[in-house]
Amino acid sequence: MVYVRPKKHLGQHFLTDANIARKIAASVPCISSLPLLEIGPGKGILTEYLLHAFGENFYAVEIDPEAAVVLKERFPELGERLITGDFLSLSLEDLFPFQVGLAGNLPYNISSQIFFRLLDYYNKIPFMVCMVQKEVAERIASPGGDKDYGILSVLLQAHYSVEYLFTVGEHVFFPPPKVKSAVIRLMRKETLPDCDFWKLKNIVKAAFNQRRKMLRNSLSGYPELLKKFPGIAELRPENLSVEDFIILAQAL
């Protein structure tokens with residue numbers, strides 16, 4: 001079997017604890033006929049449980065050619081459902097004409113990019129269960145009013161119900177990271193925001209890109225909003241709820 005070297009440039013920290021893998025897999029909704037795509041299966045510790053649960057509806061995408069060789073040897077039944085490539089450039093429309101769930105132990109260095117891609121395809125992706133850096137998980141699940149609350153908090157919570165499931169220590173990875181991890185579950189809301197996604201995204205980014213400034217400064221590019229909602233001028237972005245941002249997007 002090929003030895004898979006953890007690669008720093010890919011942000012690889014391989015999970016080694018089967019009990020954690022089993023716990024993550026048990027957190028993934030198993031919806032009849034809905035395919036599941038695992039992002040970055042690595043050496044396949046989580047893959048084993050997800051493949052057992054989803055069978056022929058299970059797919060995986062792995063960017064590391066060394067890891068892909070190991071996965072092909074270990075799970076030959078995957079065949080072409082094991083994709084060697086980069087999730088961030090994967091054509092989800094071609095692979096999955098309808099809906100697809102996501103799961104995985106996400107590389108720390110691109111987890112935010114993966115979440116933004118999830119948002120780009122929120123109509124196609126009804127859920128995601130993933131392990132990320134604990135700090136990122138707390139940011140995504142933050143209810144607002146503090147430093148953890150930010151762009152991803154608002155945009156993800158506008159479209160998904162976010163659950164912080166459990167914390168994972170450093171010692172269950174090889175090599176062990178310098179920070180703790182956490183597993184979160186995102187379930188797409190039945191009622192989605194009644195506003196244009198790109199308007200919402202642009203307002204949220206404008207507000208939080210200058211998060212230390214009051215909204216009269218950070219939203220100066222939207223004078224019509226400041227005029228219509230004068231009460232927000234002296235607030236900072238973390239003082240606005242997800243619903244507040246949706247109302248601002250609706251007003252444009």
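How many helices and strands are there in the protein? In this predicted model, the protein contains 11 helices and 9 strands. The C-alpha atoms occupy a box of roughly 65 × 40 × 25 Å along the principal axes, and the radius of gyration is 20 Å, which agrees with the value near 18 Å that a compact globule of 252 residues would have. Of the 252 residues, 50% are buried, and the accessible surface comes to about 12000 Å², with 52% of that area belonging to carbon and sulfur atoms. Among contacts with a sequence separation of 6 or more, 68% are made by residues 24 or more positions apart.

The interior was examined next. In soluble globular proteins, nonpolar side chains tend to be buried together. In the present model, the largest nonpolar core comprises 55 residues, of which F115, L219 and F245 touch the most other members. Helix α8, spanning residues 197-208, supplies the largest share of this core, with 7 residues. When neighbours within four places in sequence are set aside, L219 is in contact with I203, A206, A207, L226, I232 and L248.

Helix α7, formed by residues 151-159, is mostly covered, since 9 of its 9 residues are buried. The buried set of α7 consists of I151, L152, S153, V154, L155, L156, Q157, A158 and H159. These buried residues of α7 pack against the helices α5 (111-120), α6 (134-141), α8 and α11, and also against the strands β7 (160-168) and β9 (181-188).

In the loop between α6 and α7 lies Y149, which counts as buried because its relative accessibility is 0%, below the 20% cut-off for burial. With neighbours within four places in sequence left aside, the contacts of Y149 include S142, P143 and G144, together with V154, one of the buried residues of α7. Further contacts of Y149 are made with F208, R211, P237, E238, L240, S241, V242 and F245. By contrast, the C-alpha atoms of Y149 and P177, which are 28 residues apart along the chain, are separated by 24 Å.

Aromatic side chains were then considered, and a search of the whole structure finds 5 aromatic pairs. In one of them, Y59 and F96 adopt an edge-to-face arrangement, with 5.0 Å from centre to centre and 85 degrees between the planes. This pair links distant parts of the chain, as Y59 belongs to strand β3 (residues 58-62) and F96 to the loop between α4 (92-95) and β5 (101-105), 37 residues apart. F96 is classed as buried because its relative accessible area is 2%, where burial requires a value under 20%. A tilted pair is formed by F208 and F245, whose ring centres are 5.8 Å apart and whose planes lie at 35 degrees to each other. Here too, distant parts of the chain are linked, with F208 in helix α8 and F245 in helix α11 (residues 242-251), 37 residues apart. Both F208 and F245 are buried, and both are contacts of Y149.

The peptide bond from F174 to P175 is cis, with omega near -10 degrees, and P175 is located in the loop between β8 (173-174) and β9. H9, found in the segment before β1 (14-15), is classed as exposed because its relative accessible area is 61%, above the 50% cut-off. The C-alpha atoms of H9 and N109 are 8.4 Å apart in space, although the two residues are 100 residues apart in sequence.

Definitions and conventions:
Residues are numbered from 1 along each chain as its sequence is written. This is a predicted model: local features need pLDDT of at least 70, side-chain atom pairs count only at pLDDT 80 or more; totals for chains, interfaces and linings use all residues. Side-chain values use heavy atoms; hydrogens and water are left out. A nonpolar core is a set of buried Ala, Val, Leu, Ile, Met, Phe, Trp, Tyr and Cys residues joined through side-chain atoms within 4.5 Å. Buried means under 20% relative accessible area, exposed over 50%, partly exposed in between (1.4 Å probe, protein chains only). Helices (H or I, at least four residues) and strands (E, at least two) are DSSP runs, numbered from the N terminus. Contact means heavy atoms within 4.5 Å. Rings of Phe, Tyr and Trp (its six-membered ring) pair if their centres lie within 6.5 Å; planes under 30 degrees apart count as stacked, over 60 as edge-to-face and the rest as tilted. The radius of gyration is taken over C-alpha atoms; the globule rule is 2.2 Å times the number of residues to the power 0.38. Accessible areas come from the Shrake-Rupley method with a 1.4 Å probe; for residues, only the protein chains shown count as cover.
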